[in-house]
Amino acid sequence: MEPVEALRRIAFLLERAHEPTYRVRAFRTAAARAEETAPDELADRARDGTLTALPGVGKVTALVIEEALRGETPVYLRRLEATEGEPLDEATAALRSALKGDLHTHSDWSDGGSPILEMAETARSLGHEYLALTDHSPRLKVAGGLSADRLRRQLDVVAELNASLAPFRILTGIEVDILEDGALDQEPDLLDRLDVVVASVHSKLRMDRVAMTRRMVAAIADPRVNVLGHCTGRIVKAGGKRGGLRPESEFDAALVFDACAAYDVAVEINSRPERLDPPKRLLRLAVEAGCRFSIDSDAHAPGQLDWQPFGCERAARCGVPASQVVNTLTADDLLAWTRSKR
């Protein structure tokens, strides 16, 4: 294993384990530095014990580089891989293996931590056929939401990347804010150009139950919306960028899920460990309503793309059939569905 590969693998496993961002960043920074350093210089520094003189390389990451250069699997990596988690049960594993992509991910164009290409390459390594890039819309300034002009530029970048990544495909998309009146936070004509539109509530999460229900249903009824993202907005695990705990938003879940079924909008099963949204009682209600679903990572970093098993486990426990999960479809069939209402 080459040093850059080892460092990136460690960062991936730390992200998947939901370790602190600073720890992940240390390994990604060291990987970038090792990649831009000439192989002969890297080897000379490892021999002379001067790797830590390179900016961004510390004692731990220097040891990883030295061990990799000796042809060894770094001890740090071996330890992580030995404790990376319990095996999936049969139902969860079957659902995960049926997934062909991920419809909710973020890059460093908004509040993600990695370039689009790195996210796409990681998704491909996990066995995906496609990845929907759904950076935030402009109103969410704290997350670096994309203006219309920036989103147009991103579409050009994605087109260039797809030319080199084929047959893997990056699907164009957005996580668009649902505004207080149920309108969508992006130009309608631009939304029409996208492959996938995930609509989510990010503001005024504690608004009145009736008003929130009206707001969500209005967005669901918009023909451009394909997926209702993290519907309750809850945070069940404190820490990280999202801070402390957050209660569920209040809305008429039966009415919202009936609207999703009527307008053929998929209910997202958000796999982030601090969200796990919707709660199981609401997930079962959505199953009873006949909804479609999308099991998504909501990844903001490459290692988080492997969080989908968390959503698969919840889906399996609540009786979600694979036939109702839209990201079990091939890219062509998925796009036929997302564009069918527009």
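Predicted model: local features only at pLDDT ≥ 70, side-chain atom pairs only at ≥ 80, totals over all residues.
Visitor: Which residues does the UniProt annotation "domain: Polymerase/histidinol phosphatase N-terminal" cover?
Guide: According to the unreviewed UniProt entry, that annotation covers residues 101-180. Residues are numbered from 1 along each chain as its sequence is written, and side-chain values use heavy atoms, with hydrogens and water left out.

Visitor: What makes up the span of residues 101-180?
Guide: The span is 35% helix and 19% strand, and its end C-alpha atoms lie 31 Å apart. Helices (H or I, at least four residues) and strands (E, at least two) are DSSP runs, numbered from the N terminus.

Visitor: Why is strand S3 called largely enclosed?
Guide: Buried means under 20% relative accessible area, exposed means over 50%, and partly exposed lies in between (1.4 Å probe, protein chains only). Eight of the nine residues of S3 (residues 169-177) are buried, so the rest of the structure largely encloses this strand.

Visitor: How do you know that S2 and S3 are paired?
Guide: Two strands pair if DSSP finds at least two bridges between them. Strand S2 (residues 130-133) has four bridges to S3, and the two run parallel. Tyr 130 stands opposite Arg 169, and Leu 133 stands opposite Thr 172. S3 also pairs in the parallel sense with strand S4 (residues 196-200), over five bridges; there Asp 177 has Ser 200 as its bridge partner.

Visitor: What joins strand S1 to S2?
Guide: Two bridges link S1 (residues 101-102) to S2, and these strands run parallel. Asp 102 stands opposite Leu 131. Both faces of S2 are covered, with Tyr 130 and Ala 132 buried on one side and Leu 131 and Leu 133 buried on the other.

Visitor: Is Asp 298 buried or exposed?
Guide: Asp 298 has a relative accessible area of 1%, so it counts as buried. This residue lies in the loop between strand S7 (293-296) and helix H13 (308-317), and its phi is positive, near 55°.

Visitor: Why does Asp 264 get its accessibility label?
Guide: Its relative accessibility is 23%, so Asp 264 counts as partly exposed. Asp 264 is in the loop between helix H11 (253-263) and S6.

Visitor: What is the volume of the largest cavity?
Guide: About 50 Å³. On a 1 Å grid over the protein atoms alone, a cavity is a set of points where a 1.4 Å probe fits but cannot get out, and lining residues have an atom within 4 Å of a point. Grid points are joined across faces, edges and corners, and a volume is the space filled by probe spheres set on the points. The lining includes Ile 178, Val 201 and His 230.

Note on methods: 1 Å grid on protein atoms, 1.4 Å probe; cavity = no way out; pocket = protein on both sides within 12 Å on 5 of 7 lines; lining within 4 Å. UniProt positions renumbered as here; feature names shortened; annotations may be inferred.
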